[in-house]
Amino acid sequence: MSLDQFTANWNYPTSVRSGIGRIHELADACKELGMTSPLMITDPGLASLPPVKNAFQICMNADLSCKLFTNIKGNPNGRNVADGVNAFKNGDHDGVIALGGGSALDAAKAIALMVGQKRSIWDFEDVGDNWLRVNAEGIAPIVAVPTTAGTGSEVGRASVITDEENYVKKIIFHPKMLPEIVILDAELTTGLPGKITAATGMDALSHNLEAYCSPFYHPMAQGIALEGIRLVKDFLPLAVTDGSDLEARSQMIVASSMGATAFQKGLGGMHALAHPLGALYDTHHGLLNAVLMPYVLKANREAIEGCITRLANYLQLEDGSFDGFLNWVLELRKTVGIPHSLSEIGIDTAQAEKVGVMATEDPSAGGNPITFTTSQYASIFTKAVNGDL
Ligand SMILES: [Zn+2]
């Protein structure tokens with residue numbers, strides 16, 4: 001097969017330049033948005049690795065006066081955003097390059113938002129019409145370049161930022177946080193270790209799957225989610241076992257963008273639980289969703305059996321029933337090395353009650369097909385800790 005099939009320009013949901021080698025258009029993309037001095041925001045672990053070094057060199061070669069900001073935690077917090085805003089202002093920057101995994105992309109988008117605001121970041125939490133408080137003119141332009149295939153944050157209009165004083169993850173939202181230009185170059189993801197490939201890929205699956213099952217009316221998102229799930233089914237195992245396979249990597253990076261595009265339709269119980277657990281235990285977001293997935297599916301069974309059966313048939317599973325789909329999820333998790341219980345990743349039931357409360361308060365809970373109570377969420381969580389499916 002030819003990798004040329006992955007080269008394309010899309011204008012939905014934003015301007016997307018897809019294809020191998022397209023990172024070389026990074027400087028052009030910045031200039032197109034009027035940047036002369038972008039702040040490149042990336043994960044600390046990536047700073048010395050080829051994707052960042054090359055991207056930085058591309059900007060320098062094009063006479064952009066680019067600087068690097070890497071002070072970001074795995075679950076980025078308000079302090080990280082404030083530090084980034086200072087770096088942006090002190091360096092006289094005029095735009096943001098968001099380059100990295102979900103943490104870097106989310107932090108970068110929040111920094112781009114906050115460089116032009118006078119209020120606290122928490123005033124822009126995605127509640128009611130808080131986003132109308134934003135001075136939209138002040139938002140810096142953003143070029144986004146993902147280096148993992150999972151969060152799809154490059155095509156999202158929000159960032160998940162941890163309020164470190166209250167140990168809670170908050171969704172910060174404004175339509176203009178959607179990067180104006182996205183570069184999807186799967187070659188940047190080839191260096192990702194299998195474990196991260198698996199955890200982030202399962203996050204992409206959970207976005208597509210929760211969006212697909214959410215009860216809100218959004219047929220366009222529904223269609224995107226369906227095909228996104230198929231791409232994960234057909235290509236995640238290969239991306240994990242052979243990280244250098246550019247076809248698998250290309251299909252996964254698109255599946256990831258599709259997941260985040262689809263979840264404008266809503267997320268659900270996996271994310272409603274993963275957000276508080278990430279805030280309380282500082283655990284990898286994708287890994288949490290991957291472990292939680294079958295427990296939440298099972299708890300939702302009565303509400304989703306019909307749509308899951310349709311999905312199972314689209315995926316051409318041998319057993320096209322709900323159980324057949326659940327077994328496929330369990331099989332996929334095993335194939336890519338995801339543990340079966342939360343206890344295997346160091347989480348116990350000590351805070352079950354609190355987790356239940358936080359899950360019902362999480363904005364993602366609104367998209368779950370069943371409105372679970374705090375004790376129902378606590379019970380799903382407890383089963384996931386004990387591996388009791
Ligand atoms: Zn997610």
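## Guided tour of a two-domain predicted model

Begin by colouring the chain by its domain assignment, which gives domain 1 (3-188) and domain 2 (193-386); such bounds come from an automatic or database domain assignment. The model is predicted: local features need pLDDT of at least 70, side-chain atom pairs count only at pLDDT 80 or more, and totals for chains, interfaces and linings use all residues. Residues are numbered from 1 along each chain as its sequence is written, and side-chain values use heavy atoms, with hydrogens and water left out.

**The domain interface**

With both domains displayed, the centres of domain 1 and domain 2, taken over C-alpha atoms, are 25 Å apart. Next, select the residues in contact (heavy atoms within 4.5 Å): 26 residues of domain 1 meet 27 residues of domain 2. The two domains bury about 2,400 Å² between them, with 64% of it on carbon and sulfur atoms. Buried area here is the accessible area (1.4 Å probe) that two parts lose on being put together, summed over both. In domain 1, select Phe6, Ala149 and Lys169, which lose the most area to domain 2 and together account for 22% of what that side buries.

Between domain 1 and domain 2 the count is one salt bridge, a term for a side-chain nitrogen of Lys or Arg within 4 Å of a carboxyl oxygen of Asp or Glu. Then show lysine 73 and aspartate 282, whose side chains meet in a salt bridge at 3.8 Å, N to O.

**Strand β8 and lysine 170**

Move to strand β8 (residues 168-173), which supplies three residues, the largest share of the side of domain 1 that touches domain 2. Helices (H or I, at least four residues) and strands (E, at least two) are DSSP runs, numbered from the N terminus. Within β8, select lysine 170. Lysine 170 is buried, with a relative accessible area of 15%, where buried means under 20% relative accessible area, exposed over 50% and partly exposed in between (1.4 Å probe, protein chains only). The side chains of lysine 170 and aspartate 163 are joined by a polar contact of 3.0 Å.

**Helix α12**

Finally, select helix α12 (residues 352-361), whose buried residues are Ala352, Val355, Gly356, Met358 and Ala359. These buried residues pack against β8, α8 (269-281) and α13 (374-386).

Key
A polar contact is a pair of N or O atoms within 3.5 Å; within protein, one must be able to donate a hydrogen and the other to accept it, and residues adjacent in sequence count only if both atoms are side-chain atoms.
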